[in-house]
Amino acid sequence: MAAGIRGKVGGRTQVKNVEQNQEIQELGRYCVREYNHQLQLKPNASTALVFSQVVAAETQVVSGIKYYLKISAVTRDGAPARTFDAVVVVKPWVHSKELLNFAPSSPPKSTK
């Protein structure tokens, strides 16, 4: 098991101090850029997302490291910030990153 990665094998581990973690923040930027690229949006398009910050993250050891990110982003048209869930797999030994999923976060469930 890699140094610094704890928890049961295959289980998710919460990343602490996400706002200060430059690697996690850069992964969030990558996810937003890749999402815009997949939709063929130009960076200055009004509907293109602009990265704000990663607000939460978890990791899971798979054939690489799978990151589950909650990303805050805005659009250039001035709409309020929204939160998105992203899943990205990083394989550092082959210098590979792959965005598996990027979608608006579901609102929290009400506990009445």
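Which residues does Ser72 touch, not counting residues up to four places away in sequence? I put this to the structure, which is a predicted model.

**Entry 1: contacts of Ser72.** I found that Ser72 touches Phe51, Ser52, Gln53, Val55, Ala81 and Arg82, with residues up to four places away in sequence not counted. I then looked up where the residue sits: Ser72 belongs to strand β3.

**Entry 2: a distance.** I looked up Phe84, which lies twelve residues from Ser72 along the chain. The C-alpha atoms of Ser72 and Phe84 are separated by 6.4 Å.

**Entry 3: the β2-β3 pairing.** I looked for the bridge partner of Gln53 in β3 and recorded Ser72. Strand β2 covers residues 49-62 and strand β3 residues 64-75. The two strands run antiparallel and are joined by twelve bridges.

**Entry 4: the whole sheet.** I traced five strands in an open sheet, in the order β1-β2-β3-β4-β5, with antiparallel pairing. Strands β1 (12-14) and β5 (96-104) stand at the edges; each has a single partner strand, so one side of each is left without a neighbour in the sheet. Neighbouring strands are turned by 30° against each other on average, direction ignored.

**Entry 5: the helix on the sheet.** I noted that helix α1, residues 22-38, packs on the sheet and touches β2, β3, β4 (82-91) and β5. The direction of α1 makes about 110° with that of β2.

Methods. Residues are numbered from 1 along each chain as its sequence is written. This is a predicted model: local features need pLDDT of at least 70, side-chain atom pairs count only at pLDDT 80 or more; totals for chains, interfaces and linings use all residues. Side-chain values use heavy atoms; hydrogens and water are left out. Two strands pair if DSSP finds at least two bridges between them. Helices (H or I, at least four residues) and strands (E, at least two) are DSSP runs, numbered from the N terminus. Axes are lines fitted to C-alpha atoms, for helices over the stretch in contact, and angles run from 0 to 180 degrees between N-to-C directions. Contact means heavy atoms within 4.5 Å.
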